[in-house]
Structure formats: structure tokens, C-alpha cells
Amino acid sequence: MKKLLLIFMLSLAIQSQSQTNINIGSTTVEVETIYTGLDIPWEIIYGPDGYIWTTERKGIISRIDPVAQTKTVILNIVSSVYQNSESGMLGMALHPNFAANPEVFVAYTYGTFSNLKEKLVKYTYNGTSLVNPVVILDNIIGNTTHNGSRLLILPDNTLLFSTGDAQNQLFPQDITELNGKLLRINLDGTIPADNPIAGNPVYSFGHRNVQGLLLHPNGKIYMSEHGASTDDEFQIAESGRNFGWPNVEGFCNTSNEQSFCTANNVKEPLLAWTPTIAPSDLVYYENAAFPEFNNKVLMTVLKDKKLIAMQLDATGNSVLSQTHYLTNLYGRLRDICVGAQKEIYLATNGASWSNTNPNTHSIIVLRPPNDLGIDDQFKAAISVYPNPIGNEFTINFTDNVLGNQFCLTDLTGRTIFSSLITEKVVRFNSTELKNGIYVLQVTMKNGTELTKKLIK
């Protein structure tokens with residue numbers, strides 16, 4: 001018993017040491033490292049199961065439990081992935097209807113230094129591992145740098161896939177090549193009938209190396225792109241448009257660039273940074289209790305080691321302001337995602353692009369105040385996976401409902417299960433639940449009752 005108590009006290013001490021408070025503007029934010037020891041986490045996604053899904057560039061995909069702070073590897077293809085410099089396992093996306101279609105799309109480089117290629121592969125998650133790989137797009141020329149590889153699934157179930165120029169400046173202006181592009185394909189790899197060029201996956205071209213993609217609530221798609229020695233860019237993607245590289249860097253502001261832009265319908269960026277900052281991924285953030293970030297686009301930055309919050313105008317066609325935060329606090333920031341309680345997760349990539357200290361990178365979380373309503377309170381208190389449920393399903397509770405009452409009933413009001421919440425994770429395995437609708441109810445400490453329908 002004394003040994004268990006000592007272990008518990010030690011775990012509390014370690015947890016308290018990993019947490020700290022910082023001020024972002026006038027908002028106090030709790031910061032905690034939820035996992036460390038990763039080897040360049042390139043993509044992080046807050047999954048429907050409440051876990052952080054992450055790729056590591058060496059060839060690993062994992063689910064990280066942000067509460068237990070544990071990592072479970074669900075795919076290890078290190079032997080198949082070619083990692084060197086900026087190549088390796090890169091972008092990832094989960095199917096929007098993951099409960100019904102547990103599909104995971106991932107891009108990675110493979111081959112040899114002298115014959116490096118990139119491909120997009122679809123896996124199926126079986127509850128423990130990623131299985132049944134299906135190649136969606138292949139034979140894209142790769143390089144140790146400039147592979148792009150950010151993925152974004154749109155509401156029409158088409159997928160956008162950014163490719164870098166692979167250090168060949170002839171590719172971006174050649175629409176017969178896949179490099180230096182934003183590609184748009186269906187989730188089975190076929191080409192959408194309404195693409196700008198019939199039978200061609202190219203959605204936009206003239207790109208150097210897009211590493212951030214965001215579908216904003218205003219319906220526009222925003223991108224961040226790496227420049228060379230000047231003009232990193234923040235842009236709006238647009239079907240069929242030329243973004244100028246390598247003939248144009250940033251805005252059309254030299255005589256040669258102006259001539260090329262006029263002749264080739266080049267779309268200029270909203271912002272450009274010189275000297276370069278190395279922008280990475282983008283999210284849109286809403287939280288009235290966090291005014292510094294509320295209704296803004298957040299962009300992670302690598303070289304300048306910061307987070308930038310950008311305020312757009314009402315049309316979404318211009319940037320009213322940009323404010324820089326977290327400068328040099330957590331090293332290079334590669335990726336970002338937002339959790340159910342409006343917490344912000346950041347993937348850190350160390351101090352140098354060369355990965356001189358592998359297996360030392362982390363995922364940190366910023367926990368600000370939130371403005372959750374009743375519906376959001378339920379999301380903050382509980383997540384159910386999968387939903388629709390099967391014979392087996394898991395209910396994950398957060399700290400703010402421990403000790404409260406919960407019950408599961410059918411639509412007649414018959415209680416299937418009822419208990420105090422004494423553990424953060426409750427796993428059900430029952431063959432007695434018939435197909436139908438069930439109601440999960442949680443009574444909060446203030447008496448508020450939260451309900452959620454589960455379908456089997």
C-alpha cells in the first residue's frame with residue numbers, strides 16, 4: 001500500500017512539474033507537455049476518439065492519449081519509408097465520417113537517395129492497428145526537401161494534397177507534372193469531374209512548397225508556403241490559378257514579375273514575410289474566452305519558432321493584423337490542432353531543421369479558459385468512441401465530471417447501466433444491446449444534466 005501511495009505521489013509531483021502558466025496577452029494559459037520522445041511529429045490531429053493522432057517522420061503513426069499521456073503505435077513502416085533531411089512520413093488526414101469509414105490517408109517518401117519518390121496511401125483502422133494499405137496516388141518525384149505533403153479533405157469528399165517542387169524549378173509551371181502543385185482527387189484516387197483540367201489532378205500550380213492547408217468557416221481554403229531566401233507566403237487557394245513560382249516570389253512587385261503575372265493570371269498572396277520565417281500548418285480558432293486567438297487563423301512557424309495569430313477582414317480576402325506569440329519558448333512549431341475543450345495542441349520539432357537530436361520532440365497543450373455552452377459542455381465532459389457504437393465502445397470522461405453520476409438508458413427510459421464516475425475510461429463489451437437509439441446522461445456537480453444520443 002505504501003509503495004502504491006509513493007508511486008501516486010511521485011506521479012503527481014511529475015505532473016505538477018510539467019505544468020506551468022503563461023500569459024498570452026491578458027489571458028492566462030496553462031501549458032503542459034503531454035508527450036515527449038517523438039522523432040519529428042509532422043502531423044497531429046485531434047481524433048474523434050479524443051486521442052492525438054500523429055505521424056513521425058521516420059515512419060510511425062501513433063495515437064497519444066492526452067489524459068494518460070501514453071503513446072500507442074498503430075503503424076510502423078520505418079523499413080519502407082525513406083527519411084533524410086525533410087523527407088519521410090509526412091501529411092495525414094482522417095476520413096470525415098470516421099465512425100462509419102475508419103480510413104486514414106498518409107503521404108510518405110520511399111525509394112533511395114538517387115531515386116526518391118512520394119506516394120499517398122489509404123489505411124483502415126481496425127481498432128488497434130492501421131491495416132489494408134491501398135495506394136491512392138504514386139510515383140510522385142521526391143527529394144530530401146520540398147515534398148509538401150499537407151492533406152485536407154473537403155466537404156465534398158475530395159482530397160487536397162500539396163506537393164513540393166522537389167528542388168526542380170521546371171516542375172511548378174508544367175501542368176503535366178505532379179510536383180509544385182495542389183492536387184485534388186477523390187478519396188479512391190480518381191480525378192473529380194469538375195477539376196480545372198479534365199482528367200488532371202492539378203487544382204492549382206506554381207507552388208514551391210505548401211506546408212499548411214486550412215478550410216475556413218467562410219468556405220475559403222488558405223495555404224502557407226515556404227519561399228526561398230525571401231517571401232514566405234500566406235495565400236488563398238483557388239481552382240485553376242497559377243501562384244507564380246519560380247517566376248514570382250511573393251507579390252508581383254518587379255517589372256519582370258508584373259509581366260509574368262499579367263500574362264499568366266497569377267494569384268498574389270495575402271501576406272509575405274522577408275526574411276523568411278518558415279511557416280507551417282494552419283487552424284481556425286474560436287473561443288470568446290481567449291480574445292487574443294478568438295476568430296483568428298493560427299499558424300505555426302518553424303525557423304522563427306513562434307505562433308502567429310492572423311485576423312482576417314469580413315470578406316476573408318485580406319489580413320487586418322498579425323500578432324506573434326510564444327517566440328523562442330518551445331522551439332520549432334510544426335503542427336497544430338484544437339481539442340474538444342478548445343485546448344490547443346502544438347507539435348514541437350526541436351531547435352534545428354537538421355534533427356540533430358532525434359527522438360526528443362514533444363507535443364504540448366495550451367489550456368486557456370473557454371466559453372463552452374451546454375452542448376459543448378458535454379463534448380468537454382465526455383467523448384464516446386466509436387459513435388455509432390458497436391458491441392464494444394468506450395466512454396472517456398474528463399476531470400471535471402469525476403465523481404458525478406452517469407447512466408445509459410434506452411428510449412423507453414429503461415436503465416441499461418448507471419454508476420458514479422470513478423474512472424476516466426469506461427469500456428463496454430456487451431452483446432445484449434440491440435440495434436437502436438440509447439441516451440447517455442451525465443449529471444454535473446451544479447445539477448446540470450447533459451445528454452447525448454448513441455446509435456447502434
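# A walk through the predicted model

Strand 27 supplies the largest share of the lining of the second largest pocket, with four residues. Strands here are DSSP runs of E with at least two residues, helices are runs of H or I with at least four, and both are numbered from the N terminus. This is a predicted model, in which local features need pLDDT of at least 70 and side-chain atom pairs count only at pLDDT 80 or more, while totals for chains, interfaces and linings use all residues. Residues are numbered from 1 along each chain as its sequence is written, and side-chain values use heavy atoms, with hydrogens and water left out.

Stay with that pocket. The second largest pocket holds about 460 Å³ of space. It has 17 lining residues, and Tyr125, Gly127, Tyr385, Pro386 and Thr394 are the closest to its centre. Strand 27 (392-397) and strand 30 (425-429) are the elements that give two or more residues to the lining. A pocket is an open set of points on a 1 Å grid over the protein atoms alone, where a 1.4 Å probe fits, with protein on both sides within 12 Å along at least five of seven lines; lining residues have an atom within 4 Å of a point. Grid points are joined across faces, edges and corners, and the volume is the space filled by probe spheres set on the points.

Next, the charged pairs. The whole structure contains 14 salt bridges. Each puts a side-chain nitrogen of Lys or Arg within 4 Å of a carboxyl oxygen of Asp or Glu. One of them joins glutamate 30 to arginine 367, at 2.6 Å from N to O. Glutamate 30 sits in strand 2 (residues 27-38) and arginine 367 in strand 25 (residues 361-367), 337 residues apart. Arginine 367 also forms a salt bridge with glutamate 32, at 2.8 Å from N to O. Glutamate 32 lies in strand 2 and arginine 367 in strand 25, so this pair ties together parts that are 335 residues apart in sequence.

Buried means under 20% relative accessible area, exposed means over 50%, and partly exposed lies in between (1.4 Å probe, protein chains only). Glutamate 30 is partly exposed at 25%. Arginine 367 is partly exposed at 29%. Glutamate 32 is buried at 2%.

Another salt bridge links arginine 150 and glutamate 43, with the closest N and O atoms 3.0 Å apart. Arginine 150 lies in the loop between strand 10 (130-141) and strand 11 (151-153), and glutamate 43 lies in strand 3 (residues 41-46), so the pair ties together parts 107 residues apart in sequence. Both arginine 150 and glutamate 43 are buried. Shared partners join Glu43, Arg150, Asp281 and Asp335 into one salt-bridge network.

Now take a charged residue without such a partner. Lysine 181 is in strand 13 (residues 181-186). Lysine 181 is buried but has no salt bridge, and the nearest side chain of opposite charge, aspartate 174, is 6.2 Å away. For this count Lys and Arg are positive and Asp and Glu negative, with His and the chain ends not counted. What does the side chain of lysine 181 reach at 3.0 Å? It reaches the backbone oxygen of glutamate 177. The backbone oxygen of asparagine 179 lies 2.6 Å from a polar atom of the lysine 181 side chain. Beyond four places in sequence, lysine 181 touches residues including Phe161, Phe171, Val202, Phe205 and His207 (heavy atoms within 4.5 Å).

Isoleucine 60 is in strand 5 (residues 60-65). Isoleucine 60 is buried, with a relative accessible area of 8%. Leaving aside neighbours within four places, its contacts include Val73, Leu75, Val78 and Met89. Isoleucine 60 and leucine 90 are 30 residues apart in sequence and 9.9 Å apart from C-alpha to C-alpha.

Finally, the backbone. Most residues other than glycine have a negative phi, and most peptide bonds are trans. The bond from tryptophan 245 to proline 246 is cis, with omega near 5 degrees. Proline 246 is in the loop between strand 17 (232-236) and helix 2 (255-264). Threonine 274 and proline 275 are also joined by a cis peptide bond, with omega about 0 degrees. Isoleucine 40 has a positive phi of about 55 degrees and lies in the loop between strand 2 and strand 3. Isoleucine 40 is buried at 3%. Leucine 326 has a positive phi near 60 degrees and is buried at 6%.

Conventions. Polar contact = N/O pair within 3.5 Å; in protein donor to acceptor, adjacent residues only side chain to side chain. Contact = heavy atoms within 4.5 Å.
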